[in-house]
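The following note sets out points for a colleague to check against the coordinates. The points proceed from the chain as a whole to its individual elements.

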Amino acid sequence: MSEIAGVVGIEDGFEDVGEEEPNLVRIGKKPIMNYVVACMTLLNNGVGEVMVRGRGQSITKAVETVDMLKRAFMKNIKVHSVDIGTEEIKRDDGSIASLSMIEIMLGN
């Protein structure tokens, strides 16, 4: 997995299309605390809002990340919006997969 400019990437066999957002924390296979720390780092470095995005089996971990951040580390953080949906993703082998996803926007 990679961490570039505050964006935490996932390695799930899916190829992303489009540019990365500098305030995005993408949930993957790492422990929840890694994503909590990534959110805290972005927020403490002056980013006004952070989006936590989970897809497929990572949706639960995304919700747990936000809950732990609110409950234990940044009690004043607010959830601005929660969006759910389905993405069609092109896999490395060329097939198309539908993945459920959640995007949680956090800020002060």
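1. Of the 108 residues in the protein chain, 41% are buried. The model is a predicted one, and the remarks below should be read accordingly. The accessible surface of the protein chain amounts to about 6200 Å², and carbon and sulfur atoms account for 50% of that surface.

2. The secondary structure consists of two helices and six strands. Read from the N terminus, the order of elements is β-β-β-α-β-α-β-β. Among contacts in the protein chain with a separation of 6 or more, 62% are between residues 24 or more positions apart.

3. The largest nonpolar core comprises 19 residues. Within this core, Val25, Val52, Leu69 and Leu106 have the most contacts. At least two core residues come from each of α1 (32–44), β4 (49–55), α2 (59–73) and β6 (96–107). The largest share, seven residues, is supplied by α1. In soluble globular proteins, nonpolar side chains tend to be buried together.

4. Apart from residues up to four places away in sequence, Leu106 touches Gly48, Glu49, Val50, Val52, Val66, Leu69, Ile77, Lys78, Val79 and His80. Leu106 is also the bridge partner of Val50 in β6.

5. Which residues of α1 are buried? They are Ile32, Tyr35, Val36, Ala38, Cys39, Leu42 and Leu43. Viewed down the axis of α1, these buried residues fall within an arc of 160°, so they line one face of the helix. The length of α1 is also consistent: at 1.5 Å a residue its 13 residues should span 18 Å, and the end C-alpha atoms are 18 Å apart, which agrees. Just after α1, Gly46 adopts a positive phi of about 95°.

6. In α2, the buried residues are Lys61, Ala62, Thr65, Val66 and Leu69.

7. Ile32 illustrates the packing between the helices. This residue has its place in helix α1. The C-alpha atoms of Ile32 and Ala62 are 8.2 Å apart in space, although the two residues are 30 residues apart in sequence. With neighbours within four places in sequence left aside, Ile32 is in contact with Lys61, Glu64, Thr65 and Met68.

8. Strand β4 is mostly covered, with six of its seven residues buried. On one side of the pairing scheme, β4 is joined to strand β3 (residues 24–26) by three bridges, and the two strands run parallel. Leu24 has Met51 as its bridge partner in β4. The pairing of β4 with β6 is antiparallel and involves seven bridges.

9. Strand β6 is likewise mostly covered: nine of its 12 residues are buried. Strand β5 (residues 78–90) runs antiparallel to β6, and 12 bridges join the two. Glu88 stands opposite Ser98 in β6, and Lys90 stands opposite Ile96 in β6. Together β5 and β6 form a hairpin with five residues between them. In the turn of this hairpin, Gly94 has a positive phi of about 95°.

10. Is Ile84 buried or exposed? A residue counts as exposed when its relative accessible area is over 50%. Because its relative accessibility is 71%, Ile84 counts as exposed. This residue lies in strand β5. Leaving aside neighbours within four places in sequence, Ile84 is in contact with Met101 and Ile102. Ile84 and Glu103 are 19 residues apart along the chain, with their C-alpha atoms separated by 6.4 Å.

Terms used:
Residues are numbered from 1 along each chain as its sequence is written. This is a predicted model: local features need pLDDT of at least 70, side-chain atom pairs count only at pLDDT 80 or more; totals for chains, interfaces and linings use all residues. Side-chain values use heavy atoms; hydrogens and water are left out. Helices (H or I, at least four residues) and strands (E, at least two) are DSSP runs, numbered from the N terminus. Buried means under 20% relative accessible area, exposed over 50%, partly exposed in between (1.4 Å probe, protein chains only). Contact means heavy atoms within 4.5 Å. Accessible areas come from the Shrake-Rupley method with a 1.4 Å probe; for residues, only the protein chains shown count as cover. A nonpolar core is a set of buried Ala, Val, Leu, Ile, Met, Phe, Trp, Tyr and Cys residues joined through side-chain atoms within 4.5 Å. Two strands pair if DSSP finds at least two bridges between them. The expected span of a helix is 1.5 Å times one less than its number of residues. The arc is that of the directions from the helix axis to the C-beta atoms.
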